Amino acid sequence: MKVKEKVWTYRDYLELNDDKRYEVIKGRLYEMPAPHFEHQRVISKIILSVRNFSDRNNLGEVLPAPFDVILSEDIVVQPDIVFIYKDNLKNIKGGRLFGPPDLVVEVVSPTSYYRDRYEKFRIYEEAGIKEYWIVYPGEKAVEVWVLKEGKYELYSIASSEGKVKSKVLKGLEVELKEVFNEG
Amino acid sequence: MKVKEKVWTYKDYLELNDNKRYEVINGRLYEMPAPHFEHQVISKYLFLKLNTFVEHKSLGVIIYSPFDVILSEDTVVQPDIVFISKENLRNVKEGRLYGSPDLVVEIVSPTSYYRDRYEKFRIYEEAGIKEYWIVYPGEKAIEVWVLKEGKYELHSIASGKGKVKSEVLKGFEVDVEGIFKENNPK
């Protein structure tokens with residue numbers, strides 16, 4: 001949902017004080033509706049896998065939304081899941097990440113489809129986020145995009161069954177049936 | 001589902017005689033599972049709207065799958081919905097289309113996601129199909145890709161609500177809410 005016509009900056013965003021969730025994308029302010037049950041269930045399953053892997057190998061931090069990621073003066077996002085390599089944890093200031101995380105995950109919904117698949121895709125690419133997972137619960141599909149010479153390439157994809165694998169988190173594989181099966 | 005390891009051609013395909021549905025994509029043979037109820041309901045709504053528009057203006061023919069489209073010696077597809085303009089109808093021979101339709105629609109399912117979104121995307125682009133609609137039932141999204149200098153560009157997109165519009169069928173637009181009506185048993 002796009003709200004309020006003006007060019008928003010990170011500073012304006014910080015002054016918002018109405019207990020709602022927002023993102024600022026290229027100066028536009030978007031209100032974030034509360035996610036649905038299915039969206040949250042899928043995120044829970046993925047974050048568990050990522051977190052277990054990261055903890056076991058002592059690689060960094062894995063956080064769920066809402067967590068502010070400031071990519072530039074006019075871009076503040078709250079990706080569904082963020083992985084920050086331990087060397088980059090120094091970029092967390094005042095409880096927010098200033099700069100690109102190492103991996104982000106967005107779980108698509110009908111209200112965020114265009115933003116996640118195209119708009120944030122370009123933003124994450126330009127921000128130099130090394131890996132971007134796009135999860136489509138309705139299609140039971142996961143795409144893993146990896147940055148190659150400044151452009152995202154499709155590194156791993158599966159739908160309905162099979163596994164996807166990470167490049168940034170080398171050795172991490174996620175079984176789709178575990179992500180999308182109920183229960 | 002990918003079946004049988006050999007390089008398939010259009011001729012091999014014609015000789016198949018087992019009452020199953022297949023596609024041949026770059027020489028690989030894929031069996032087509034029967035579509036689900038929801039897939040068919042969406043297909044019906046979109047087909048009806050397209051058909052009304054095309055018939056009303058006498059622009060050509062809208063036809064739904066299964067219908068063979070022979071794009072090359074080693075690529076035979078059955079898109080979910082196909083529009084063939086009047087001028088292009090002469091390429092229909094023996095009940096099949098030889099060459100590119102003017103517009104195709106694919107309704108994605110978990111088993112066809114990669115094929116529809118990436119593999120057929122490239123094939124349709126290379127075949128010069130002017131417009132490609134990709135429908136994502138789970139996300140209630142429709143993308144309309146239009147060929148610009150040999151590459152698909154995202155011409156129109158909507159998800160959840162809003163409208164998408166066609167370029168090939170000028171004046172045609174469709175409300176996504178009308179296509180993803182929840183009238184289906186889960």
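A salt bridge is a side-chain nitrogen of Lys or Arg within 4 Å of a carboxyl oxygen of Asp or Glu. With that rule I looked over all chains, and the structure holds 31 salt bridges.

**Ground rules.** This is a predicted model, where local features need pLDDT of at least 70, side-chain atom pairs count only at pLDDT 80 or more, and totals for chains, interfaces and linings use all residues. Residues are numbered from 1 along each chain as its sequence is written, chains are lettered from A in the order in which they are written, and side-chain values use heavy atoms, with hydrogens and water left out.

**Confidence.** I looked up pLDDT, the predictor's confidence in each residue, from 0 to 100. Chain A has a mean of 92, and 97% of its residues reach 70 or more.

**Fold of each chain.** I took helices (H or I, at least four residues) and strands (E, at least two) as DSSP runs, numbered from the N terminus. Chain A has four helices and 15 strands. I found four helices and 15 strands in chain B.

Next I checked the radius of gyration, taken over C-alpha atoms, against the globule rule of 2.2 Å times the number of residues to the power 0.38. Chain A has 183 residues, so a compact globule would come near 16 Å, and chain A agrees at 16 Å. For chain B, with 186 residues, the rule also gives a value near 16 Å, and its 16 Å agrees. The C-alpha trace of chain A spans about 45 × 35 × 30 Å along its principal axes. That of chain B spans about 45 × 40 × 30 Å.

**Where the chains meet.** I counted contacts (heavy atoms within 4.5 Å). Chain B gives 19 residues and chain A gives 18 residues. I then took the buried area, which is the accessible area (1.4 Å probe) that two parts lose on being put together, summed over both. The two chains bury about 1,500 Å² between them, 61% of it on carbon and sulfur atoms. On the side of chain B, B:Pro110, B:Tyr113 and B:Glu139 lose the most area, together 43% of what that side buries.

What polar links join the chains? I found ten residue pairs in polar contact, both residues at pLDDT 80 or more. A polar contact is a pair of N or O atoms within 3.5 Å; within protein, one must be able to donate a hydrogen and the other to accept it, and residues adjacent in sequence count only if both atoms are side-chain atoms. Salt bridges between chain B and chain A number zero. α3 (113-126), β12 (141-148) and β13 (151-159) of chain B each supply at least two residues to the side that touches chain A. The largest share, four residues, comes from α3(B).

In chain A, A:Asp68 forms a salt bridge with A:Arg96, the closest N and O atoms being 2.7 Å apart. A:Asp68 sits in the loop between β4 (60-64) and β5 (69-72), and A:Arg96 in strand β9 (residues 96-98), 28 residues apart. A:Pro66 is in the loop between β4 and β5 of chain A. The peptide bond from A:Ala65 to A:Pro66 is cis, with omega near -5°. In chain B, a cis peptide bond joins B:Ser65 and B:Pro66, with omega about 0°.
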